[in-house]
Amino acid sequence: MLRVTAVRIRYSIVLPNLFIQTSGYLWSAMEKSSATKKNPKPQQNNQQRSSKLRGLPKDNPEVRLSKTLSWLLRHGAKSEGLAMREDGYVRVEDLLENPKIKTQSLDLAGLQKIVQADAKKRYELKQEEEGVWWIKANQGHSLKTVKLDLKPILSIDDIPSKIAVHGTTKQAWELISTQGLSKMTRNHIHLAQGVAGDNVISGMRQSSTILIYIDIPLALSSGIKFYLSENGVILSEGDERGFIKPEFFERVERRKGEAVEGWVRPSLGS
């Protein structure tokens, strides 16, 4: 096969559908296309990937390691070359070899301690055939190939607390109040079964100051689907645009329980 992709020419030559003449050079379009297909851009190897942990400089090493694990299992597996199954699991062996994790000398026993101690129950760790250990994040993925095994919520009775609430900030509320809740780059909108700190394991940040309670029966009757993750977080893909509109906000309150001034729930279809 022709391996030269550019040849200086001194005379005119016509080879239909094969060569393109540009600025005195003869380029083989077919050869260039073939080379691209047979030699795709290689993935970075471990030596090329950064070993820098996620998080802020002010965070202690344990927090930065936790943030790095969460990022790898929710968002960064593909870019870091980690093979992830459709159900979100990656091999523990592969995870521990990732440069970001390897620099921390983390082993299986250390990973087990992190999973067990995680207050929000972010991770699931299990051993399968032939003694192979696997780990996944229970929710929060942005990787579109991940299809978690989630429990469908068919009625309000399928939510143990009978509550679905999203916590946010005053600044974010200004946009949410008009356009609704968005899943943004993630696969789901996250809702908690109560307010953070009130025996709620996961689903809401402690820093949330505005609480948006969702009218689950109305949303379900309008075709919006909800699911329950293994650690009790309520997940929804929203409508066809990835939103839960303000029409489905049952009430909106500040952290101390008072209603947010100026907000009036719009009627469905308005």
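**Close-up views of a predicted model**

**View 1. Helix α6 and its neighbours.** The buried residues of α6 pack against β8 (165-168), β9 (181-182), β11 (210-214) and β15 (249-254). Packing here rests on contact, meaning heavy atoms within 4.5 Å. Helices (H or I, at least four residues) and strands (E, at least two) are DSSP runs, numbered from the N terminus. This is a predicted model, in which local features need pLDDT of at least 70 and side-chain atom pairs count only at pLDDT 80 or more, while totals for chains, interfaces and linings use all residues. Residues are numbered from 1 along each chain as its sequence is written, and side-chain values use heavy atoms, with hydrogens and water left out.

View 2. Which residues of helix α6 (residues 170-179) are buried? They are Trp-173, Ile-176 and Ser-177. These residues cover an arc of only 105° around the axis, which puts them on the same side of α6. The arc is that of the directions from the helix axis to the C-beta atoms. On the other side of α6, Gln-171, Glu-174 and Thr-178 are exposed. Buried means under 20% relative accessible area, exposed means over 50%, and partly exposed lies in between (1.4 Å probe, protein chains only). Just after α6 comes Gly-180, with a positive phi of about 100°.

**View 3. An aromatic cluster.** Trp-173, Phe-249 and Trp-263 form one aromatic cluster. A pair of aromatic rings is described by the distance of the centres and the angle of the planes. Rings of Phe, Tyr and Trp (its six-membered ring) pair if their centres lie within 6.5 Å; planes under 30 degrees apart count as stacked, over 60 as edge-to-face and the rest as tilted. Three aromatic pairs turn up in a search of the whole structure. In one of them, the rings of Trp-173 and Phe-249 have centres 6.3 Å apart and planes at 40°, so the pair is tilted. Trp-173 lies in helix α6 and Phe-249 in strand β15, so this pair ties together parts that are 76 residues apart in sequence. Both Trp-173 and Phe-249 are buried. Trp-173 also pairs edge-to-face with Trp-263, at 6.0 Å centre to centre and 65° between the planes. Trp-263 lies in the segment after β15, so its pair with Trp-173 of helix α6 ties together parts that are 90 residues apart in sequence. Trp-173 has a relative accessible area of 8% and is buried. Trp-263 is buried too, at 18%.

View 4. In helix α5 (residues 108-117), the buried residues are Gly-110, Leu-111 and Val-115. They cover an arc of only 140° around the axis, which puts them on the same side of α5. What does the face turned away from the buried side carry? Lys-113, Gln-116 and Ala-117 are exposed there. The buried residues of α5 pack against α2 (61-76), α3 (92-97), β5 (123-127) and β6 (133-137).

**View 5. The largest nonpolar core.** The largest nonpolar core has 26 residues, of which Leu-95, Ile-101, Leu-111 and Ile-135 touch the most other members. Such a core is a set of buried Ala, Val, Leu, Ile, Met, Phe, Trp, Tyr and Cys residues joined through side-chain atoms within 4.5 Å. At least two residues of this core come from each of α2, α3, α5, β5 and β6. α2 gives the most, with five residues. Which residues does Leu-111 contact, leaving aside its neighbours within four places in sequence? They are Leu-69, Val-92, Leu-95, Leu-106, Leu-125 and Ile-135. Apart from this core lies another, of 23 residues, among them Ala-164, Leu-181, Ile-234 and Phe-249. In soluble globular proteins, nonpolar side chains tend to be buried together.

**View 6. A sheet of three strands.** The order in this open sheet is β4-β6-β5, with antiparallel pairing. β4 (90-91) and β5 stand at the edges, each with a single partner strand, so one side of each is left without a neighbour in the sheet. Two strands pair if DSSP finds at least two bridges between them. Two bridges join β4 to β6, and these strands run antiparallel. Arg-91 has Trp-134 in β6 as its bridge partner.

**View 7. Charges over rings.** The charged end of Arg-85 sits over the ring of Trp-134, 4.3 Å from its centre. The test is that NZ of Lys or CZ of Arg is within 6 Å of the ring centre and within 35 degrees of the ring normal. Arg-251 lies over the face of Tyr-213, at 3.8 Å from the ring centre.
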